[in-house]
Amino acid sequence: MTAEQIIFFLTAALILISALMVVTTRNLVHAALWLIAVLFGAAVLFATLDASFLAVVQIVVYIGAIAILFIFAVMLTRRNLLDKVSQTNAGWPWAAGISVAAFAGLVFLVGQMHNAGAQKGEVSGDPLMALSTALVSPDAYVLAFEVASIMLLAALVGAVYIANRK
Amino acid sequence: MEFLTDPIKVVYDWLLELFLGWGWADWVAVLVIYLLGIVLFISAVMVLDILLVWVERKVVARFQDRLGPNRVGPFGLFQPFPDIIKLILKEDITPEGADRVVFNLAPILSLGSVLFLWAVVPLASRIYGVDLNVALLYIVAAGAIGTLSIIMAGWASNNKYALLGAYRMVANMISYEIPMVVALLIPTVLVGSMSFVAITEAQANYWFVLVSPLGALIFLVAAIAELGRSPFDLNEGESEIVSGYHIEYSGMKFGLFYAGELLHAFTFGGFIAALFFGGWHGPWAEQYPLLGAFYFVVKAMLGYWVIMWVKYTVPRIRIDHMLAFNWKFLTPLAFILLMVTAVTHRVLLDAPTWLYISGMFLSNVLLAWITVEGLRMQARRKREADVSAEPAAAD
Amino acid sequence: MENPWIYLGLFLVVGTIIPIAAIVMAAILAPRKPNPIKLSTYECGMETVGDSWVQFKAQYYVFALAFLIFDVETVFLFPWALSLNMMPLFVAVEGIIFILILLAGLYYIWQKGMLDWV
């Protein structure tokens with residue numbers, strides 16, 4: 001086992017355990033903090049794959065903005081969410097069965113693939129520069145780049161609309 | 001002589017030879033050298049941090065027409081050591097109802113997020129932790145961890161003042177992060193790289209403050225706000241919320257917040273130096289990296305001194321003014337500056353250096369002049385509206 | 001150094017261990033004599049009412065939302081800024097269109113009064 005694999009398995013374990021804690025903990029702020037651990041683990045995975053840009057963007061956007069937004073949103077709620085009500089409802093055996101079946105199907109499908117196991121994509125030259133030139137060159141993704149701006153504008157307008165209504 | 005021109009490589013080669021001579025595997029030797037270097041580097045930064053306690057106390061004393069620490073050692077230079085011993089020996093209180101794990105994690109992340117920043121800062125021409133190709137975004141990411149530590153501290157303390165302080169601080173930090181990141185985009189546009197090392201090296205002939213004085217100014221203002229220092233220190237607001245998010249902390253945990261704050265301010269002084277004031281560049285710095293490191297620390301100290309100067313001169317501003325100043329003035333201005341910089345830079349890219357520098361400088365001056373004129377016009381219109389409204393109110 | 005993140009990972013670990021060491025050292029050396037008054041929440045001598053989980057103004061949330069949008073925008077702008085030197089002039093115009101669309105959004109929320117602290 002290479003060092004990279006050891007790091008991968010440790011990170012994967014961190015992500016899985018934290019994800020489990022997100023859905024089982026009763027305290028909403030703790031759930032948000034565990035979610036941050038999950039997102040940090042994803043950043044570590046990007047870093048081990050040499051995707052530096054994605055790794056830092058993962059932290060800047062997800063931990064720096066979205067997680068903070070979650071914590072702010074949690075503080076807008078009332079504390080009675082902590083009350084001792086059951087965290088599951090009557091449908092949980094069905095949900096568990098479907099989840100296990102879907103997971104088994106995924107494992108089967110991944111096993112069928114020819115290139116089982118993740119492989120780093122090869123990019124000629126600096127991958128960061130390749131990404132940036134592809135994002136703005138007209139024969140690549142410039143339309144997506146501009147549409148992203150319009151999508152962000154729509155998100156902003158939508159957020160204002162919802163916030164104004166109450 | 002080799003040691004003077006490239007000290008890190010000499011030490012690295014010497015250690016590598018030594019470890020390989022002991023029969024260690026290649027990767028173990030490299031890893032141990034990295035680890036030794038990192039421990040040494042962070043320890044040096046922490047020693048500097050201890051010194052900053054003295055600098056801060058001495059400078060604030062001078063600003064307030066006092067003497068400052070002058071009893072322990074020459075000029076009170078050893079004053080930080082009794083301070084630290086006191087902090088270590090103080091009882092550490094975890095208040096009732098606090099969330100213990102989160103409460104203890106917060107100061108660790110707070111100081112850690114500042115220490116992480118030093119991994120990418122170029123100290124001299126061949127002395128730096130690592131040349132990361134996304135260093136500028138890495139800085140923003142480390143800042144995100146710092147924001148998180150503050151909200152954790154405020155929430156875990158189970159104290160309403162702490163929570164209020166943390167909320168104000170986080171609202172402050174996330175708001176001013178936008179102009180700060182846009183100011184970081186300006187050196188990126190100029191160099192075409194996000195690497196700190198490349199940005200510093202690109203300033204061999206001229207400092208970027210000449211090409212983008214407004215960018216440097218916006219970065220300075222946003223940095224002060226990001227640090228939560230006066231005039232943006234409404235997270236502390238002694239008269240209203242006692243001391244903000246670290247009100248329930250005592251002993252060493254408070255010490256970590258304090259050390260983190262001082263080091264953060266100094267680090268931002270270093271960023272201003274590295275991004276806009278040429279970093280380690282100076283006479284003979286290229287050949288002798290240790291001299292370059294000296295220049296860098298001096299420039300960082302000057303940047304830190306400006307931040308302290310603002311802190312001890314300007315009174316605190318109100319939260320609505322602070323947010324309005326950011327969202328209605330600084331953010332639009334930063335984006336417009338970015339657009340102007342990008343176009344001017346692209347058009348003048350192949351022009352001679354003197355034309356490039358003067359063109360960029362003039363575009364900045366023009367934008368600043370238009371901004372000031374616009375503000376004056378707006379203020380005059382408001383004044384006239386007030387005057388014409390007044391007689392009506394008197395009737 | 002093929003992957004700078006090996007160095008950075010070590011740096012993050014050491015940078016976390018050093019503050020932990022300081023806290024552990026203080027925990028060993030510092031005295032510990034708790035009493036109920038000392039452990040109570042500090043609110044300037046007033047009796048603390050309720051716990052600190054109070055509902056906050058929604059205003060903070062609105063600013064956090066606006067921050068999120070502009071944060072994502074700046075992340076898109078970094079690749080654009082990197083490629084500027086190697087691409088023709090109209091690439092600069094692409095970035096300007098991108099920024100102008102979002103500045104229009106800023107103007108919209110400004111006019112809607114969402115940037116006013118109420």
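1. Let's start where the two chains meet: 15 residues of chain B are in contact with 14 residues of chain A. Two residues count as in contact if their C-beta atoms, placed from the backbone, lie within 7 Å. Bear in mind that this is a predicted model, where local features need pLDDT of at least 70, side-chain atom pairs count only at pLDDT 80 or more, and totals for chains, interfaces and linings use all residues. Residues are numbered from 1 along each chain as its sequence is written, and chains are lettered from A, with ligands numbered from 1, in the order in which they are written.

2. H6(B) has the largest share, with nine residues. (Helices are DSSP runs of H or I, at least four residues, and strands are runs of E, at least two, numbered from the N terminus.)

3. What is that side made of, by residue class? There are 13 nonpolar residues, two polar and no charged. Nonpolar covers Ala, Val, Leu, Ile, Met, Phe, Trp, Tyr, Cys and Pro; charged is Asp, Glu, Lys and Arg; the others, Gly among them, are polar.

4. Within chain B there are domain 1 (1-88) and domain 2 (90-384), with bounds from an automatic or database domain assignment. Their centres, taken over C-alpha atoms, are 23 Å apart.

5. Between these domains of chain B, 19 residues of domain 1 are in contact with 20 residues of domain 2. H1 (2-5), H2 (7-21), H3 (26-63) and H4 (80-89) of chain B each give two or more residues to the domain 1 side, and H3(B) provides the largest share, 10 residues. That side divides into 13 nonpolar, one polar and five charged residues.
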